[in-house]
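Me: I would like to go through this model with you, one topic at a time. Could you keep the answers plain?

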4 protein chains.
Amino acid sequence: MSTTSAGPTDPELPSFVDPARVGTQPATARGQRTRDALIAAARKVFERDGYVESRLVDIVAEARCSIGSFYTWFEGKDEVFAAVVQQAQNDMLHPGIARVESTDDPVEIIAASNRAYFAAYERNARLNQLLDQVAAVDPSFRSLRRARSQAFVERNARAIRDLQARGLADQGVDPTVAAMALSGMVSRLAQGAFLPDGPYVIEVAPEDLVSAATRLWTNALGLTQPQLGR
Amino acid sequence: MSTTSAGPTDPELPSFVDPARVGTQPATARGQRTRDALIAAARKVFERDGYVESRLVDIVAEARCSIGSFYTWFEGKDEVFAAVVQQAQNDMLHPGIARVESTDDPVEIIAASNRAYFAAYERNARLNQLLDQVAAVDPSFRSLRRARSQAFVERNARAIRDLQARGLADQGVDPTVAAMALSGMVSRLAQGAFLPDGPYVIEVAPEDLVSAATRLWTNALGLTQPQLGR
Amino acid sequence: MSTTSAGPTDPELPSFVDPARVGTQPATARGQRTRDALIAAARKVFERDGYVESRLVDIVAEARCSIGSFYTWFEGKDEVFAAVVQQAQNDMLHPGIARVESTDDPVEIIAASNRAYFAAYERNARLNQLLDQVAAVDPSFRSLRRARSQAFVERNARAIRDLQARGLADQGVDPTVAAMALSGMVSRLAQGAFLPDGPYVIEVAPEDLVSAATRLWTNALGLTQPQLGR
Amino acid sequence: MSTTSAGPTDPELPSFVDPARVGTQPATARGQRTRDALIAAARKVFERDGYVESRLVDIVAEARCSIGSFYTWFEGKDEVFAAVVQQAQNDMLHPGIARVESTDDPVEIIAASNRAYFAAYERNARLNQLLDQVAAVDPSFRSLRRARSQAFVERNARAIRDLQARGLADQGVDPTVAAMALSGMVSRLAQGAFLPDGPYVIEVAPEDLVSAATRLWTNALGLTQPQLGR
DNA sequence: TATGAATGAGCATTCATTCAT
DNA sequence: TATGAATGAATGCTCATTCAT
């Protein structure tokens, strides 16, 4: 089989922004502690209040430090937000879940990777939503988001092309457009399932979500037929 | 055939918010003119600056009237925004495009409704993006957006159920989840194609977009087989 | 005699900054009142506390209006300061004192113009000091100050050249350098006499100041001799 | 001739502030090095950014030490500034230039002392400007500046009185006022020549500056006549 | 001595909203 | 209806200074 799996996760995102390098780096353990506390506090406040509505004072109160300390480590609200988002990005892109190594079945691979995606999304759902909110205002976060999406898409497009070459997928679909469409589909399902305030509301058990997404994904690529058992 | 078409547009959105009833209604022609100018100006400013970044002063400057006049017609920024969004909603839901009445072919119907959807989206792309932005902050716009999405979804779910009943679609897919997933897929494609700052960037000719979306959609529902010609 | 008088005042300063055009112009009488009150209050506070130490809150308190009103009329502290300085500049440059028309005697003319200069300086002493303070920080005020000085100097240089041409002044002095030196001398005397915190402290009656300055000025130019009486 | 020379420099300034005694004195060589580095760095930063705009962090960065070390040696920003200014004062007051001992000619003596003054001013121009800036805000620097000026003035006044007593200078000028006026004149010329951002801009060769200043100075005192050669 | 993290008072600035004219 | 001046709560941010290590 091909070495690339056809799922929506993407381990190869170019990490042009080093997650640990956002803001000023502490030189002592005490500094590190404060900085970490601020990132954790910021995440909590952002998830609770949203980016625009969040106040620096609330973050420093949560982190139990002064406003001055905040500015010791970050240039402003956007910089902590970037740090928080980086943390989440890392989790999304490297979910640390063992891959299914034991199968060659494309459907199984897609299913596994959808499962991993939904799990990672669930952990970072609100933050993903916030990234969208901020990206609508701040161009630099726009690039960040786009970079991530593109990485997913390219990866999936490669996998689709591979399946087509092996005669397993419908030759009539454009690999790039399909990759984009199916990535979007899965991420919308994730939104519906894990964002209580998202555009859609889905109430489905997680495993049913995975199988539904996988069914649609494989159908769309014309992969279903070989698996007569389904 | 069924009376409902299986496309993503939805003419049956409960108009719980009457587009024309947002804000105060003018009693004179002069008032009407001012109010209209304000809505047009607001749309322009919102699309240019985004909701959060837009300033009432810019809107009234654009409309060539005073701040005082603004408050004569609207309660505040959210109310003009609601008025602007209503206008766009109407366009999205009733694109006013002649339906393909002459065919029973489900694929043709899906293609036609995708085509209509993309066209409507293109006209309102930036505003749809803004609605997402605002919905992330303001619960009442959240409901507005959800209501629209749900209407689309329910409509499509009914159509899918119908196709399944007629033996034309894969019985293995859950109609509601599929409707949600496929609506999401199409709207993501539209974002990619028409929002220069969206998460994805698609550069595809409009008609190719329609056919790609339709192919994936029909494949996903298992509709492709009967259409051997494709 | 020449039509230019050899004194340090200069009515021909190019008013490249229209005093009345600094900041936003009011459209109503009420606005005008508020704006005027702010300028007066700002002058008072600036003269009392200095530019750097002055606080916007003190200015608006003095003007009995809100901080918001301040920003209705001025962009910030520098802009009110510019407005205040403009007012003083106008006074310095157009003291509105009747010129001695009845004499051709250069010494009398110099004396008259020194008298006018000292009088104008006395009214604006603290503000002149502040302008120096601000000019040390803000380049745009630097230009403002330089423009004024240069205008004085050029005017005086012309007068000196004229006196030399008429054989009344020492041919050995460079008109421009002398103009600069003598303008500086007079302005330093004015500082010493009218700025309690200036570099020098002079305690001399005003009229003695005028005659001392005039004596030095005319001596320096070699004008004394023809006036045998002195 | 009299033992006092009639130039603007003044070697007798009461050194009420011992230049080396400002701040804490180091007990070790390492401490001395740090302290010296801080003074040098402070001068550089002050001259570059001005007093008000300069930041302690920039000074310590320039001196390659920590903020903590700064406070080991100085009480605050004003104290380093005092130390820096003292350094410059010493240079201004004791230029270390060999006096013209070989002449009794008052004009030559004035010329020599103007020459020395301009040379010293050039080395410390920016710092003199800063002292004015700070004196406008801080009363203790005000005294410092005034003390220096007064010393110059008194010294010159004595010289003028001496010349008058010997029948060499115009009896009609008040020695104190003349001393002040002429000191001011020379210092203004120095500003114009050596401060690119000063109120005046003079572009004259240094030696021409000296001769022009001397010519005006001697003229003003009525000293020129005896020197027929000039 | 040297370090650098922590502090927080203090100030400028924004902008939706009100209301007298 | 239309106007635009007035309002001030709310917030981000700076930077000299302290002090534990």
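Me: How many residues does the contact take from chain B and from chain A?
Reply: The contact takes 40 residues from chain B and 40 residues from chain A, where two residues are in contact if their C-beta atoms, placed from the backbone, lie within 7 Å. This is a predicted model, in which local features need pLDDT of at least 70, side-chain atom pairs count only at pLDDT 80 or more, and totals for chains, interfaces and linings use all residues. Residues are numbered from 1 along each chain as its sequence is written, while chains are lettered from A and ligands numbered from 1 in the order in which they are written.

Me: Which helix gives the largest share of the side of chain B that touches chain A?
Reply: H7(B) does, with nine residues. Helices are DSSP runs of H or I with at least four residues, strands are runs of E with at least two, and both are numbered from the N terminus.

Me: And how do the residues on that side of chain B divide by class?
Reply: They comprise 20 nonpolar, nine polar and 11 charged residues. Ala, Val, Leu, Ile, Met, Phe, Trp, Tyr, Cys and Pro count as nonpolar, Asp, Glu, Lys and Arg as charged, and the others, Gly among them, as polar.

Me: Why do the copies meet through the same surface?
Reply: Because 100% of the interface residues of chain B are also interface residues in chain A.

Me: New topic: which residues are buried in helix H2 of chain A?
Reply: A:Ile59, A:Val60 and A:Ala63 are buried in this helix, residues 56–63; buried means that 20 or more other C-beta atoms, placed from the backbone, lie within 10 Å of the residue's own. The buried residues of H2(A) pack against helix H1 (29–49) and helix H3 (67–73) of chain A.

Me: What comes just after H2(A)?
Reply: A:Arg64, which takes a positive phi of about 55 degrees.

Methods:
A residue is buried if 20 or more other C-beta atoms lie within 10 Å of its own, exposed if 12 or fewer, and partly exposed in between; C-beta atoms are placed from the backbone.
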